[in-house]
Amino acid sequence: QVQLVESGGGLVQAGGSLRLSCAASGRTFGGYAMGWFRQTPGKVRQFVAAILWSGGNTFYADSVKGRFTISRDNAKNTVYLQMNSLKPEDTAVYYCAADTLPALLKGLGNYWGQGTQVTVSS
């Protein structure tokens with residue numbers, strides 16, 4: 001019902017910035033949120049950030065707070081993740097997801113994108 005497509009990943013030096021985009025094909029609705037997760041080989045998917053479609057409230061993992069900013073453009077059905085002061089440990093495949101906020105905070109999502117690779121070099 002909802003298709004999510006991430007873009008904007010790439011290679012960046014430590015301390016640099018990158019902006020990820022997640023375009024949703026379906027219409028969002030009240031009570032739902034969008035989130036960003038990341039995963040490296042052999043590790044579980046890690047919550048990064050989330051935002052409510054309606055109110056724009058944001059939530060961040062402690063590891064990225066102050067460096068990453070999640071935002072959304074409801075008219076475009078698009079969510080962004082601005083990543084600043086990138087560190088090598090931020091290297092991962094980044095996925096966007098859609099679900100209720102409680103679900104996203106639990107690491108769950110009704111819809112997932114295919115992911116976009118972010119590589120931060122030292």
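Predicted model: local features only at pLDDT ≥ 70, side-chain atom pairs only at ≥ 80, totals over all residues.
Figure 1. Thr-116 belongs to strand 11 and is buried, its relative accessible area being 11%. Buried means under 20% relative accessible area, exposed over 50%, and partly exposed in between (1.4 Å probe, protein chains only). Leaving aside residues up to four places away in sequence, Thr-116 touches Glu-6, Ser-7, Gly-8, Gly-9, Leu-20, Ala-92, Val-93 and Tyr-94; contact means heavy atoms within 4.5 Å.

Figure 2. Strand 11 spans residues 116-121, and its side chains alternate between two faces. Strand 2 (residues 10-13) pairs with strand 11 in the parallel sense through four bridges, with Gly-10 opposite Val-118. Strand 9 (residues 92-100) runs antiparallel to strand 11 and is joined to it by three bridges; here Tyr-94 stands opposite Thr-116. Two strands pair if DSSP finds at least two bridges between them. Helices (H or I, at least four residues) and strands (E, at least two) are DSSP runs, numbered from the N terminus.

**Figure 3. Salt-bridge network of Arg-38, Arg-67 and Asp-90.** These three residues are linked by salt bridges, each defined as a side-chain nitrogen of Lys or Arg within 4 Å of a carboxyl oxygen of Asp or Glu. Between Asp-90 and Arg-38, the closest N and O atoms are 2.9 Å apart. Asp-90 lies in the loop between strand 8 (78-83) and strand 9, and Arg-38 in strand 4 (residues 32-39), so this pair ties together parts that are 52 residues apart in sequence. Asp-90 and Arg-38 are both buried. The salt bridge of Asp-90 with Arg-67 has an N to O distance of 2.7 Å. Because Arg-67 lies in the loop between strand 6 (58-60) and strand 7 (68-73), this pair connects parts that are 23 residues apart in sequence. The relative accessible area is 0% for Asp-90 and 11% for Arg-67.

**Figure 4. Salt bridge between Asp-62 and Lys-65.** The structure holds three salt bridges, one of which joins the side chains of Asp-62 and Lys-65 at 3.4 Å, N to O. Asp-62 and Lys-65 are both exposed.

**Figure 5. The protein chain as context for the close-ups.** The C-alpha atoms fill a box of roughly 40 × 30 × 25 Å along the principal axes. Of the 122 residues, 41% are buried.

**Notes on the model.** Residues are numbered from 1 along each chain as its sequence is written, and side-chain values use heavy atoms, with hydrogens and water left out. Local features need pLDDT of at least 70 and side-chain atom pairs count only at pLDDT 80 or more, while totals for chains, interfaces and linings use all residues.
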